[in-house]
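Here is a short briefing to read alongside the structure.

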Amino acid sequence: MATSNKELFEEEDVRLVDIADSIGGYLKYLLKKFYIVIIGVGGMTYLLYLYAKKAPPEYVAFTSFNTVDPKGIAASGLISLASSLGMGASGTQVDLLAGLYQSRLIFYNALLKDVEVDGKVDKLGNQFMRVYNLDAGFKQIKGKENFGFTAENIDDFSNDEDSIARTMYTLFAEELLEAEYEVTSGLIFSEITTPNYELSRNLGIHIIEGVTDYYQEQQIESAQISYKTIDKKLDSLKGEIDFREKKLAQMQDQNIFNIKRQGVYDQDEYRSDLQILKIAYNEALNTKEAAKSSSKPQASPVRVVDNPRFATYPKYKSTLFFGLIGFAIGIVLVVIPLLIRKAIKDGKLENELKEKAKANTSTVS
C-alpha cells in the first residue's frame, strides 16, 4: 500500500523533533558538566593568552628599497623572495635587486662584516651562531671549542666555516626573511626577523649595503666593458672611413676626362658608404661618452627608503590570536570528548531499550 503524503510529513516531523531533542539533550549534558567545560576551555584559552603576553618579542629589521631607474621599477610585478636567487623572467633591474637581496653571495659576505656586540667587535657570523646556538656542536669537539669565523674573504672559508654558513643561509632564506614587491609604489619591502635586536639590525644593514655595493660595482664593470668594446668599434669604423676618403680623393685627383663611366659609379658607392659609416661612427661616439660617464663611481643606483639602521622594532605575539587558538584547542580536547562520551552512553541505552522491547514482544507472543 502506497504511503500517503500525510504520513511522509509526519515521519519527517518526527525526525526533526528527534534531532532537536538530541541537540537539546547534548546542550543540557554540557550544562551539567559546565565546570569541566569552563575549567578546560577557559584554562586552555588563558594559558595560551598568558604565553603570548609573557613571550619575549622578536625583532624585525624592515627595509624598503628600489632601483633609481624608473624603467626597472615599472616593469616588474609581484616578487616573492622565498627561494634562492628568485630571478624573474622579465630580467628587469627590480628582479635583479630582488635576487641579490637573498643571494648566497651577499649573505656570506655579510657574515664576515665586523659588528659591535656587547661592547666588543666581532664578525656578524659569530653573533648569528651564538643567538641560534649553532656553535653547540663545535663546543663538544676537542680543539674546536672556540670555533668562529676568521676568514676575511668568502674565498678563504674553511670547511667548517663553509658548512655553518650554508646552515645559516638555509635558516635565513626559509625562516627569517620575508619580502615582496609592491607594484603601486615600485618598492621592494623586506623583513628580517630574529629573536635578537642587534642581530636583526646588523643583518638588515649589511645585506642592503651588500646589495647596493654589488649592484653599483656590476654597473661600473659593465660600463667599463662596454667602453672598451665601443672603443674598438670606433677604431674599426675610423679605419673604414679613412680608407674610403683616401680612395675617393685619389679618384677625384685623376683627370676627369680619363675616368671611365664605371669610375663615376665607384665614387657614388664610396660616398654612400662614407655617409653610412659616419652616422654609425657618431652614434658609437655618443655611446662611448655615455659608457665613459657610467664607468665612474656615481650616486648609488639603489634608493633605500627605509633603512634597518633606523627601522628595527620589536614584534610581540598577538594575545588575541593565541587566545583564540587556546579556545579552539579547549573545544577539541574538552567539549568534543564529552559529546562523544554522551553519544556512546546514549547508543548503549538505546540498544538496551531495543533488546528489552524485543524480549517483551517475544514474551507476549
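A nonpolar core here is a set of buried Ala, Val, Leu, Ile, Met, Phe, Trp, Tyr and Cys residues whose side-chain atoms link up within 4.5 Å. Please keep in mind that this is a predicted model.

**Overall picture**
- The protein chain holds 11 helices and seven strands.
- Buried residues make up 33% of its 365 residues.
- Of the contacts in the protein chain between residues at least 6 apart in sequence, 73% join residues at least 24 apart.
- Its accessible surface is about 23,500 Å², with 56% belonging to carbon and sulfur atoms.

**Nonpolar cores**
- The largest nonpolar core has 42 residues, and Phe107, Phe128 and Ile207 touch the most other members.
- Helix H8 gives this core its largest share, eight residues.
- Apart from this core lies another of eight residues, including Leu234, Leu237, Ile241 and Leu248.
- Which residues does Phe107 contact, leaving aside neighbours within four places in sequence? They are Phe128, Ala165, Met168, Tyr169, Phe172, Leu203 and Ile207.

**Where H5 meets H8**
- The axes of H5 (residues 104–111) and H8 (residues 159–176) come within 10 Å and cross at roughly 115°.
- The crossing of H5 past H8 is right-handed.
- On the H5 side, Arg104, Phe107, Tyr108 and Leu111 make the contact, while H8 brings Asp162, Ala165, Arg166, Met168, Tyr169 and Phe172.
- By class, this contact has seven nonpolar residues, three charged ones and no polar ones.

Definitions and conventions:
Residues are numbered from 1 along each chain as its sequence is written. This is a predicted model: local features need pLDDT of at least 70, side-chain atom pairs count only at pLDDT 80 or more; totals for chains, interfaces and linings use all residues. Side-chain values use heavy atoms; hydrogens and water are left out. Helices (H or I, at least four residues) and strands (E, at least two) are DSSP runs, numbered from the N terminus. Buried means under 20% relative accessible area, exposed over 50%, partly exposed in between (1.4 Å probe, protein chains only). Contact means heavy atoms within 4.5 Å. Accessible areas come from the Shrake-Rupley method with a 1.4 Å probe; for residues, only the protein chains shown count as cover. Axes are lines fitted to C-alpha atoms, for helices over the stretch in contact, and angles run from 0 to 180 degrees between N-to-C directions. A crossing is left-handed if the near helix is turned anticlockwise from the far one by less than a right angle, and right-handed if clockwise. Ala, Val, Leu, Ile, Met, Phe, Trp, Tyr, Cys and Pro count as nonpolar, Asp, Glu, Lys and Arg as charged, and the others, Gly among them, as polar.
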